Amino acid sequence: MSEHMLVHLNVVRPVGAFSAAHPNAVYFFEQLPKVFALAKADGDMFWHNHGARAPDGRYLEMTDLLAQNTSDTEDNLHIMTMAGWRDLAAMQRFAYREPLHAEGIRKLKGWVDRSERPTLALWWAPRGARVGLDEAWDQLARLRRDGPSDAVFTPRTAIAAPE
């Protein structure tokens, strides 16, 4: 068994005004616990964390996120989902083949602004580490600034776990 785990951060920014009462937000927040319960059930996901990054750089926990209201996309926060996985194959199996997850991606496709690319960052961390939202955002910023590397990458540029 590897001494490392794969960490993923996925970031979405809703298009238009955001409110937890918006039908897409309601769907997203109802599906989130179901999707991650499925991922955790097979033993390939070790932990998960969710929150948001406000435009001013503050990090919000889910309860704070649900209280947010914005007027347009530029005011919107970045909703962050992240998890620690056994390996890349486990993360990809879940992300691309789990029917409930795939349904959510299709249903919410038009609700999220994907203009800030990339929106998914992957990196290896010591098994058992818990990564905070701020550290995860820094990894995404590094990927956006410098491109894929041994430190942070995308599914298409993935590297093997450290020895």
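What radius of gyration would a compact globule with 163 residues have, and what does the protein chain have? I am working from a predicted model, so I keep that in mind throughout. The rule gives a value near 15 Å for a compact globule, and the protein chain has 15 Å, which agrees.

Next I checked the outline. Along the principal axes, the C-alpha atoms fill a box of roughly 50 × 35 × 25 Å. I found 44% of the 163 residues counted as buried. The exposed surface comes to about 8400 Å², with carbon and sulfur atoms supplying 52% of it.

Then I turned to the fold. I noted five helices and six strands, and along the sequence they follow β-α-β-β-α-β-α-α-β-β-α. I also looked at contacts between residues at least 6 apart in sequence: 80% of them join residues at least 24 apart.

The largest pocket holds about 1000 Å³ of space. I listed 32 lining residues, and N10, H101, I105, R114 and T119 are the closest to the pocket's centre. Which elements each supply at least two residues of that lining? They are β1 (4–14), α1 (23–41), β4 (78–85), α3 (88–97) and α4 (99–108). The largest share, six residues, comes from α1.

Key. Residues numbered from 1 in each chain as written. Predicted model: local features only at pLDDT ≥ 70, side-chain atom pairs only at ≥ 80, totals over all residues. Heavy atoms only, no water. 1 Å grid on protein atoms, 1.4 Å probe; cavity = no way out; pocket = protein on both sides within 12 Å on 5 of 7 lines; lining within 4 Å. Points joined across faces, edges and corners; volume = space filled by probe spheres on them. Helix = DSSP H or I, 4+ residues; strand = E, 2+ residues; numbered from the N terminus. Rg over C-alpha atoms; globule rule 2.2 N^0.38 Å. Buried < 20%, exposed > 50% of the residue type's maximum accessible area, 1.4 Å probe, protein only. Contact = heavy atoms within 4.5 Å. Areas by Shrake-Rupley, 256 points an atom, 1.4 Å probe, with all protein chains shown as cover.
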